[in-house]
Amino acid sequence: MPRKNSDSLGQGTREPSASSGITRRSFLKGTGIGAASLAAVRLQLPAVVAEVQEPPVPAVGPDPVPVTLQVNGQTYTVRVEPRITLADALREHLDLTGTKVICDRGMCGGCTVLLDGEPVLACMLLAIAAQGKAIRTVEGLAQSDTQLDPLQDAFITYDALQCGYCTPGMLMSCRALLDRNPKPSLADIKAAVSGNICRCGTYPHVFAAVLAASGQDPRLAQQG
Amino acid sequence: MHAITYEAPKSLEHALRLLAAAGEKGRVLAGGTDLLIQMRAGVRTPERLIDAKTIPELQVLSFSPHEGLRLGAAVPCYRIVEDPVLCQHYPGLVEAAGLIGSVQIKNRCTVGGNLCNGSPAADTTPALIALGAVCYVASPRGTRTVAVEDFVVSPGRTVLQPDEVLVEFRIPAPPPHTADCYQRFIPRNEMDIAVVGVGAAVTLDGEVCTAARIGLGAVAPTPLFAREASASLVGKPLDDEAIATAAELAQKIARPITDMRGTAEYRLHLVGVLTRRVLKVAAERARAR
Ligand SMILES: Cc1cc2nc3c(=O)[nH]c(=O)nc-3n(C[C@H](O)[C@H](O)[C@H](O)COP(=O)(O)OP(=O)(O)OC[C@H]3O[C@@H](n4cnc5c(N)ncnc54)[C@H](O)[C@@H]3O)c2cc1C
Ligand code: FES
Ligand code: FES
């Protein structure tokens with residue numbers, strides 16, 4: 001489901017993406033002004049590369065290589081093979097087992113983490129490709145052992161979990177939603193967790209928790 | 001997953017050199033939402049992955065009334081869905097990109113990957129065909145262009161050579177009173193592969209249709225441009241009768257299979273239904289412009 005247009009108009013700004021150096025804001029402005037921006041990004045296709053040269057940087061791997069990850073504000077360097085996913089690097093190498101691997105194929109959302117503030121699937125991302133990005137996992141939500149994120153408190157208050165296996169992913173999707181849209185409608189909440197599969201069927205309680213955490217009436221969760 | 005090497009090129013030229021050096025063992029990685037699954041299943045076994053997301057030339061997204069849309073192959077789908085300019089000019093493309101996967105998938109997956117994966121059911125492909133999108137493909141030998149409808153040659157295979165990179169799509173600016181629409185049929189609300197998908201773009205002069213393009217997905221080994229169906233609309237008022245005729249012509253070129261998602265007969269029926277629906281919506285949108 002597309003996000004609401006109101007969101008795209010800059011309520012929640014995205015972090016600049018490290019790979020492109022393009023912020024959401026500057027990008028929107030860019031397409032908005034059309035022709036003026038076009039000249040700046042004119043396609044520069046390379047002249048024919050006459051002979052095949054050796055790659056300037058040797059290929060990385062397949063043996064373990066140092067991979068530096070910024071997780072929850074801390075910088076870690078692990079030695080992993082390039083084929084290792086971010087989910088496995090977090091769980092097996094950094095002992096951050098809050099991120100759950102359930103389907104390992106992009107279908108369930110259990111492994112949702114925030115990459116530069118945006119929810120992505122850690123099972124569908126190579127750890128080595130996540131370098132240079134701010135990664136936030138469920139361990140990074142609580143401010144301390146005694147002070148949970150308000151969203152976590154609301155999940156407890158509104159009983160938004162049963163077996164709890166989907167919960168870390170659910171929390172990360174909802175946190176990302178609230179970061180960009182502090183007062184989401186029920187439809188917004190449903191769209192935000194549509195990629196998070198909860199077998200226990202806790203959805204109405206998740207909706208109530210997110211409504212409450214955003215200062216809205218949790219009973220709205222029953223309206224659809 | 002088998003052992004791989006990984007490279008993050010800093011430019012298109014760098015990427016082309018890396019791909020050329022890798023030969024048959026190389027493959028471009030974009031969002032990875034198709035490729036990583038196929039590698040885990042052993043369906044594709046590239047040994048050297050070259051990351052498209054780090055190539056600045058593949059991140060271009062710009063629109064001008066003269067040049068139309070330039071859509072970089074590695075632009076993540078969320079950028080398409082959220083862009084007010086695209087929502088205004090290419091609502092059908094936005095609809096197609098918005099249908100792919102979940103929020104998390106859209107944050108990573110790309111239109112380039114959707115096409116290069118070569119699936120006949122890729123959602124953005126019929127929408128691109130309807131818009132007359134052209135692919136810019138680069139290799140050490142230079143650049144060539146390929147129409148989107150000619151890009152996929154069989155399920156999972158495209159015209160791309162091992163040393164070629166899809167750089168961007170170019171889509172003409174919509175003339176006045178032009179609009180597009182994409183719809184697919186799936187048995188549940190989301191997170192499924194299209195049983196049938198149809199995209200259409202029409203241009204109106206008053207009530208008369210002056211240009212039309214219809215793209216079909218999941219009804220043949222490759223996505224299709226419904227040439228005759230599209231041509232049948234031109235010069236006629238875009239009324240129920242013309243739309244019904246176009247839908248029948250679209251059904252004629254469909255060669256669907258029977259699988260767990262639906263029988264061939266059912267798919268054929270859906271081609272008719274969806275072609276009529278997208279033409280009606282596109283026409284309404286075109287009138288409103
Ligand atoms: C849960 C889930 C739901 C999904 N739902 C949908 C859906 O509803 N509709 C739909 O159509 N698809 C769906 N998909 C499939 C997939 O997400 C899309 O096809 C997506 O657009 C692929 O893009 P990507 O960037 O992830 O491609 P990748 O997986 O990175 O690449 C796909 C292929 O294209 C090649 N490639 C990519 N970019 C280039 C380039 N620039 N030049 C040369 N080759 C390139 C790669 O080598 C690879 O073979 C879904 C997938 C998942 C996991
Ligand atoms: S474990 Fe990643 S989506 Fe299911
Ligand atoms: S609480 Fe059990 S899967 Fe969601």
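This is a predicted model: local features need pLDDT of at least 70, side-chain atom pairs count only at pLDDT 80 or more; totals for chains, interfaces and linings use all residues.
Residues are numbered from 1 along each chain as its sequence is written, and chains are lettered from A and ligands numbered from 1 in the order in which they are written.

**Helix 5 with helix 8, chain A**

- Helix 5 of chain A spans residues 150–157 and helix 8 of chain A spans residues 203–213 (DSSP runs numbered from the N terminus: helices are H or I, at least four residues; strands are E, at least two).
- The axes of these two helices come within 8 Å and cross at roughly 135° (lines fitted to C-alpha atoms over the stretch in contact; angles run from 0 to 180 degrees between N-to-C directions).
- On the helix 5 side of chain A, A:Pro150, A:Leu151, A:Ala154, A:Phe155 and A:Thr157 meet A:Ala209, A:Ala212 and A:Ala213 of helix 8 of chain A (contact: C-beta atoms, placed from the backbone, within 7 Å).
- The contact of helix 5 of chain A with helix 8 of chain A comprises seven nonpolar, one polar and no charged residues (nonpolar: Ala, Val, Leu, Ile, Met, Phe, Trp, Tyr, Cys, Pro; charged: Asp, Glu, Lys, Arg; polar: the others, Gly among them).

**Helix 5 with helix 6, chain A**

- Helix 6 of chain A covers residues 167–180, and its axis and that of helix 5 of chain A come within 10 Å and cross at roughly 125°.
- That angle makes helix 5 of chain A oblique to helix 6 of chain A.
- The crossing of helix 5 of chain A and helix 6 of chain A is right-handed.
- A:Leu151, A:Gln152 and A:Phe155 of helix 5 of chain A meet A:Thr167, A:Leu171, A:Cys174, A:Arg175 and A:Leu178 of helix 6 of chain A.
- The class count for the contact of helix 5 of chain A with helix 6 of chain A is five nonpolar, two polar and one charged.

**Domains of chain A**

- Chain A is divided into domain 1 (65–140) and domain 2 (150–222) (bounds from an automatic or database domain assignment).
- The C-alpha centres of domain 1 of chain A and domain 2 of chain A are 22 Å apart, and their contact takes 15 residues from domain 1 and 12 residues from domain 2.
- Strand 3 (112–115) and strand 4 (118–121) of chain A each supply at least two residues to the side of domain 1 of chain A that touches domain 2 of chain A.
- Strand 3 of chain A gives the most to that side, with three residues.
- The residues of that side of domain 1 of chain A divide into seven nonpolar, six polar and two charged.

**Domains of chain B**

- Chain B is divided into domain 1 (5–54), domain 2 (56–171) and domain 3 (178–287).
- Between domain 2 of chain B and domain 3 of chain B the C-alpha centres lie 20 Å apart, with 25 residues of domain 2 and 26 residues of domain 3 in the contact.
- Helix 5 (91–99) of chain B gives the most to the side of domain 2 of chain B that touches domain 3 of chain B, with six residues.

**A:Arg83**

- A:Arg83 is in the loop between strand 2 (74–80) and helix 4 (86–93) of chain A.
- A:Arg83 touches B:Met1, B:Ala3 and B:Ile4, leaving aside residues up to four places away in sequence.

Key
Two residues are in contact if their C-beta atoms, placed from the backbone, lie within 7 Å. Angles under 35 degrees count as roughly parallel, over 145 as roughly antiparallel, 65 to 115 as roughly perpendicular and the rest as oblique. A crossing is left-handed if the near helix is turned anticlockwise from the far one by less than a right angle, and right-handed if clockwise.
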